[in-house]
Amino acid sequence: MFQTPEAAKMMSLLPLILLGIALPATQAIQYRKCELSQILREHGIDKDIPLPELICTMFHISGFDTQTEVNNNSNKEHGIFQISNNGWCAEKQEDVAKSVCGILCSKLLDDDITDDIVCAKKILQLPERLDYWKAHKTFCRENLDQWNC
Amino acid sequence: RAPQPEEATESTETGPPGKVRPLPSCPDPSPLLVGPLQVEFLRPVNLETIEKENPKLRKGGRFTPEDCTALQKVAIIIPFRNRDEHLRYWLYYLHPFLQRQQLDYGIYVINQDGEETFNRAKLLNVGFQEALKEYDYDCFVFSDVDLIPMDDRNTYRCFEQPRHLSVSMDKFGFSLPYNQYFGGVSALSKEQFLKINGFPNNYWGWGGEDDDIYNRLIYKGMSISRPNAIIGKCRMIRHSRDQKNEPNPQRFDRIAHTRQTMNSDGLNSLKYQLMEIQKYPLYTKITVDIGSPS
């Protein structure tokens with residue numbers, strides 16, 4: 001097959017290389033501000049709400065970390081948008097259909113934030129919009145230039 | 001400036017017995033600074049090695065420059081529970097760093113007794129009060145145990161305005177996560193600290209207490225002073241989330257009410273029970289029972 005010593009060395013490293021490719025997929029993502037802004041823009045979430053206010057809110061609730069899981073009294077909040085199991089997502093498969101976002105809460109902790117964004121859009125349809133998240137009122141109504149990209 | 005030969009003669013030959021001429025002020029900046037430092041957490045460090053490498057330290061982690069009078073007397077207060085490995089790295093990097101800055105300093109590790117939810121700000125209040133019982137410190141540096149500065153031009157002392165020292169953390173991509181951020185490592189003079197009634201005692205769990213402190217400072221007409229993002233670089237020792245220090249879900253509501261609570265929640269309402277004071281070569285460890293959320 002491969003004739004050169006370099007190629008042979010490469011082949012012997014192959015199992016290690018494959019492991020290196022396979023493993024990162026299981027880690028959480030901590031987005032950077034402008035990375036995340038771009039993704040949110042692509043999903044059109046800023047049609048009705050100002051993007052800097054949303055990004056600011058997300059930083060203060062999850063630090064842009066997809067794996068964030070927080071206990072809030074008797075409820076639990078999941079992922080980058082801190083979506084709650086008090087009706088938005090379901091802890092158990094049999095309750096998924098009853099939840100507003102029709103999703104298992106654990107799915108909101110993985111690297112793929114498409115489902116998180118879809119659910120957040122539903123939350124933003126509430127009359128309080130961004131004020132659904134307490135962090136918004138506290139941190140994200142002024143001093144907003146810093147959240148622009 | 002260095003003492004002239006004539007002055008030295010005068011103080012040793014003609015001055016009253018036992019009276020020593022005061023040393024000149026240490027220069028600002030210190031001539032001993034090296035600038036950027038290599039900071040890594042792969043090789044383990046042990047206390048005996050650190051002691052050997054820092055022979056000028058006195059018991060309890062105290063140091064006073066020999067050749068000049070330090071610009072400030074600084075108490076470094078570290079909130080702590082069950083982070084011995086982090087503390088070893090902290091001492092390993094910070095003792096040489098602080099000595100090069102020619103500060104008159106002491107290290108106070110405030111250890112929360114028991115298994116109740118962690119309360120960082122209350123421990124810092126205790127540190128302020130206990131350090132002052134030992135020495136008339138005029139400046140207080142409050143440092144998390146897992147934050148290591150990467151440049152010794154970032155002087156761990158007090159300034160005209162409250163100082164934020166950990167401005168450029170690796171965890172936040174070496175930039176400030178948000179403008180109002182005041183967490184990690186900060187320095188307040190005794191006056192600045194007293195002006196805001198110290199820190200809040202009612203933040204149990206992770207988050208919010210640093211934002212409350214920021215609010216206190218702003219409401220008292222102060223502003224945050226910072227080094228630039230190069231000098232202010234620091235590394236955080238990566239670790240999993242601590243048990244009993246979960247994100248505090250009340251924090252956003254509490255931060256919104258700093259103005260109303262700061263006059264009644266702080267140094268003037270601080271209650272705790274001292275369990276033990278241990279003087280180690282490299283630091284003073286103060287173990288304290290700070291109670292539980294009321």
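The dialogue below walks through strands, a cavity and a chain interface in a predicted model.

Visitor: What should I know about the model before reading its features?

Guide: This is a predicted model, in which local features need pLDDT of at least 70 and side-chain atom pairs count only at pLDDT 80 or more, while totals for chains, interfaces and linings use all residues. Residues are numbered from 1 along each chain as its sequence is written, chains are lettered from A and ligands numbered from 1 in the order in which they are written, and side-chain values use heavy atoms, with hydrogens and water left out.

Visitor: How do strands of a sheet pair, and what is the strand order in the open sheet of chain A?

Guide: Strands of a sheet pair through backbone hydrogen bonds, in a parallel or an antiparallel sense. Here strands are DSSP runs of E with at least two residues, helices are runs of H or I with at least four, both numbered from the N terminus, and two strands pair if DSSP finds at least two bridges between them. In chain A, an open sheet of three strands runs in the order β1-β2-β3 with antiparallel pairing. Because β1 (69-72) and β3 (83-84) of chain A each have a single partner strand, they stand at the edges, and one side of each is left without a neighbour in the sheet. Four antiparallel bridges join β1(A) to β2 (residues 75-78) of chain A, and A:N72 has A:N75 in β2(A) as its bridge partner.

Visitor: Which strands of chain B form a hairpin with four residues between them?

Guide: That hairpin consists of β10(B) and β11(B); the strands, residues 273-279 and 284-289 of chain B, pair in the antiparallel sense over six bridges, and B:Q273 is partnered by B:D289 in β11(B).

Visitor: How is empty space found, and which residues line the largest cavity?

Guide: Rolling a probe the size of a water molecule over the atoms shows where empty space is left. A cavity is a set of points, on a 1 Å grid over the protein atoms alone, where a 1.4 Å probe fits but cannot get out, and lining residues have an atom within 4 Å of a point. The largest cavity has a volume of about 30 Å³, and its lining consists of B:R120, B:L124, B:F142, B:F182, B:S186, B:F199, B:D210 and B:I213. Two or more of the lining residues come from each of α4 (120-134) and α6 (209-219) of chain B.

Visitor: How many residues of chain B are in contact with chain A?

Guide: With contact meaning heavy atoms within 4.5 Å, 14 residues of chain B are in contact with 14 residues of chain A.

How values were computed:
1 Å grid on protein atoms, 1.4 Å probe; cavity = no way out; pocket = protein on both sides within 12 Å on 5 of 7 lines; lining within 4 Å. Points joined across faces, edges and corners; volume = space filled by probe spheres on them.
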